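Please read these notes with the model open beside you.

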Amino acid sequence: MPTKRQKRSEKQLKNAKKQRKKYPELLKKVVTFADIILEVLDARFVQETRNLEIEKEIKKQGKEIIYLMNKSDLAGKIKKPEDIKSYVIISCKSRKGIRELRDKIKTESKRIKKQNPEDKVTVGIIGYPNTGKSSLINLLIGKRSAGTGADAGFTKGIQKLRLSSNIILLDSPGVIPEKEYSGTDNQAIAKHTIVGGRSYSQVKDPEIVVANIIKNFRGVLEKQYKINAKGNSEILLEELGRRKGFLKKGGKINIDRTARLVLKEWQKGDIEIK
């Protein structure tokens, strides 16, 4: 018989899946209603955090996309794809680029011609979960009107907020492209967890994601934790788990807990990729 905790977890998972199915529709509504689109990307993973599906729809509708490369304080040299023309490099943490972004929004909004002069220009904000959309809105409007959280997918629906007397912001939930989303493909899950699209607290096999980080970002975790793992994720997790005292019965290292700690610090930006 399943325990109360297991039943509660199963119910939460069902609710999460039910909500996730609604997100693409909400995102499409934001794109339809907005005159200008801001796509928030992670400066460390610019191409990986682009939603090419929705970009295609935006361009089809003839609307402007301004790409925002956030978390630039955590990135080294930013690799900008050649097809990205209109962009601003920002950091919500250090407030870098926020004034430049405000000016760019105002400039682009003046180019929007409304049939009714009293109608406001609408700016839609889209992006992967955990790229910093809500933090960006808080900085743009100068107060905490959009909720923020460490877990991916914190924003649950569309929020309508006033940027100025004639500009409205539309926030949307973070969405992973439908074609890329998978509940079984370990590589897809690892990719989305690394870029923050899936929360460290929800991924099923966190040690697989840590192994992918060590493979694709050589030396970063070893340097962070001062462990000579020689590119071996098992050595790193064993040593770190022992150091943290993450032990199970019999003195065996709790690899799951240790891996989730690594992913939590990775997603929070405590580990720099420079």
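1. The largest nonpolar core has 27 residues, and Val 210, Phe 217, Leu 221 and Trp 266 touch the most other members. A nonpolar core here is a set of buried Ala, Val, Leu, Ile, Met, Phe, Trp, Tyr and Cys residues joined through side-chain atoms within 4.5 Å. Buried means under 20% relative accessible area, exposed means over 50%, and partly exposed is in between (1.4 Å probe, protein chains only). At least two residues of this core come from each of α5 (186-194), α6, α7, α8 (233-244) and α9 (255-268). Apart from it lies another core, of 23 residues, including Val 40, Ile 66, Leu 101 and Leu 161. In soluble globular proteins, nonpolar side chains tend to be buried together.

2. The model is predicted: local features need pLDDT of at least 70 and side-chain atom pairs pLDDT 80 or more, while totals for chains, interfaces and linings use all residues. Residues are numbered from 1 along each chain as its sequence is written, and side-chain values use heavy atoms, with hydrogens and water left out.

3. The protein has nine helices and six strands. These are DSSP runs numbered from the N terminus (helices: H or I, at least four residues; strands: E, at least two). Of the 274 residues, 49% are buried. Contact means heavy atoms within 4.5 Å. Among contacts between residues at least 6 apart in sequence, 60% join residues at least 24 apart.

4. There are three aromatic pairs in the structure. Rings of Phe, Tyr and Trp (its six-membered ring) pair if their centres lie within 6.5 Å; planes under 30 degrees apart are stacked, over 60 edge-to-face, and the rest tilted. Phe 45 and Phe 217 are both buried, and together with Trp 266 they form one aromatic cluster. Leaving aside neighbours within four places in sequence, Phe 217 is in contact with Phe 45, Ile 194, Trp 266 and Ile 273.

5. Which residues of α3 are buried? They are Ile 98, Leu 101, Ile 105, Glu 108 and Ser 109. These residues lie on the same side of α3, because they cover an arc of only 100° around the axis. The arc is that of the directions from the helix axis to the C-beta atoms. Arg 99 and Lys 110, on the other side of α3, are exposed.

6. Ser 86 sits in the loop between β2 and β3 and is buried, with a relative accessible area of 13%. Its side chain makes a polar contact of 3.5 Å with that of Glu 64. A polar contact is a pair of N or O atoms within 3.5 Å; within protein, one must be able to donate a hydrogen and the other to accept it, and residues adjacent in sequence count only if both atoms are side-chain atoms. Not counting residues up to four places away in sequence, Ser 86 touches Glu 64, Ile 65, Ile 66, Tyr 67 and Lys 104.

7. Two backbone angles deserve a check. Most residues other than glycine have a negative phi. Lys 71, in the loop between β2 (64-70) and β3 (87-89), has a positive phi near 60°. Asn 130, in the loop between β4 (121-127) and α4 (133-141), has a positive phi near 70°. Lys 71 is buried at 15% relative accessible area, and Asn 130 is buried at 19%.
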